[in-house]
Amino acid sequence: MRKPMNNRRKLIIFDCDGTLVDSQHMICAAMQQAYADHRIECPPREKLLSIVGLSLTESFQRLSDGVDGFPVETMVERYKAAFFAMRAAQSEMEPLFPGVREVVVHLSARNDMVLGVATGKSQRGVRMVLGHHGLLQHFTTIKTADDAPSKPHPGMVLEAMREAGAAPADTVVIGDTSYDMEMARAAGAGAIGVSWGYHPVEDLHAAGAHEVITDFSLLPGVLERIFVAPVAAE
């Protein structure tokens with residue numbers, strides 16, 4: 001017989017870039033502009049996408065490859081300026097991935113679940129994007145690089161759990177990068193990867209994903225399965 005879910009409220013935390021919205025073109029363009037402003041050769045697109053999900057400071061530190069005197073602080077400033085200039089010049093924000101709206105609305109309507117976001121974006125940026133798509137009101141807690149250390153540190157998840165009053169066993173993180181999976185596991189939460197983002201599926205498994213989904217519509221069923229038969233801690 002199928003075990004019922006326990007009656008504790010579940011916290012479902014989503015990454016934003018690469019999970020909810022497809023922002024790769026804007027991210028890469030802003031990165032390229034920041035490098036051009038400094039007259040430094042920009043890394044290839046694949047390397048730029050490999051750091052999506054980290055805070056901007058952490059991203060540029062990793063992209064610097066340890067070069068002494070690399071202008072991390074001004075790179076961050078130029079990236080932000082380029083990103084917001086592009087956003088202001090466009091009528092559309094970063095688009096939602098297929099199925100996101102329907103699943104977010106469905107999950108947020110459940111009495112046994114609350115939704116959150118943990119992202120390398122700023123509070124301003126993530127609220128602007130979610131607000132544009134009419135989804136902001138569906139999220140109870142939003143944690144960003146403004147509030148806690150960069151992924152894969154578990155701080156954002158721990159803060160979201162504290163704010164929502166959820167235990168690690170009742171929390172799941174959904175994301176597209178190894179940083180999301182590592183963050184979730186470090187916080188003692190479940191980790192669900194998505195295949196349509198910016199890190200290879202094999203990297204998600206290697207980083208500790210309990211499951212990886214190939215379509216957003218599969219998420220409710222996977223959540224039900226995880227919470228009915230919780231994964232064992234490793």
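Reader: What makes strand S1 and strand S4 a pair?

Author: In this predicted model, S1 (residues 10–14) and S4 (residues 171–175) are joined by four bridges in the parallel sense. Two strands pair if there are at least two bridges between them, so with four bridges S1 and S4 count as a pair. Within this pairing, Phe 14 stands opposite Ile 174 in S4.

Reader: Which strands make up the sheet, and in what order?

Author: The order is S3-S2-S1-S4-S5-S6, six strands in an open sheet with parallel pairing.

Reader: Why are strand S3 and strand S6 said to stand at the edges?

Author: Strand S3 (141–144) and strand S6 (211–213) each have a single partner strand, so one side of each has no neighbour in the sheet. From one strand to the next, the twist averages 25°.

Reader: Which helix lies across strand S2 and S3?

Author: That is helix H6 (residues 123–132), which runs at about 135° to S3. Angles here run from 0 to 180 degrees between N-to-C directions.

Reader: How do you know which helices line the largest pocket?

Author: A lining residue has an atom within 4 Å of a point of the pocket. Helix H1 (24–37), helix H3 (56–63), helix H4 (72–89) and H6 each supply at least two such residues. H4 gives the most, with six residues. The pocket itself has a volume of about 450 Å³. Its lining holds 26 residues, and the closest to its centre are Leu 56, Tyr 79, Gly 120, Lys 121 and Ser 122. By class, 11 of the lining residues are nonpolar, eight are polar and seven are charged.

Reader: What makes the meeting of H1 and H3 a contact?

Author: Contact means heavy atoms within 4.5 Å. Met 31, Ala 34 and Tyr 35 of H1 and Ser 59, Phe 60 and Leu 63 of H3 make this contact. Five of these residues are nonpolar, one is polar and none is charged. The axes of H1 and H3 are 13 Å apart, at an angle of about 60°, and the crossing is right-handed.

Reader: What is the phi of Arg 39?

Author: Arg 39 has a positive phi of about 55°, although it is not a glycine. Most residues other than glycine have a negative phi. Arg 39 belongs to the loop between H1 and helix H2 (45–50).

Definitions and conventions:
Residues are numbered from 1 along each chain as its sequence is written. This is a predicted model: local features need pLDDT of at least 70, side-chain atom pairs count only at pLDDT 80 or more; totals for chains, interfaces and linings use all residues. Side-chain values use heavy atoms; hydrogens and water are left out. On a 1 Å grid over the protein atoms alone, a cavity is a set of points where a 1.4 Å probe fits but cannot get out, and a pocket is an open set with protein on both sides within 12 Å along at least five of seven lines; lining residues have an atom within 4 Å of a point. Grid points are joined across faces, edges and corners, and a volume is the space filled by probe spheres set on the points. Ala, Val, Leu, Ile, Met, Phe, Trp, Tyr, Cys and Pro count as nonpolar, Asp, Glu, Lys and Arg as charged, and the others, Gly among them, as polar. A crossing is left-handed if the near helix is turned anticlockwise from the far one by less than a right angle, and right-handed if clockwise.
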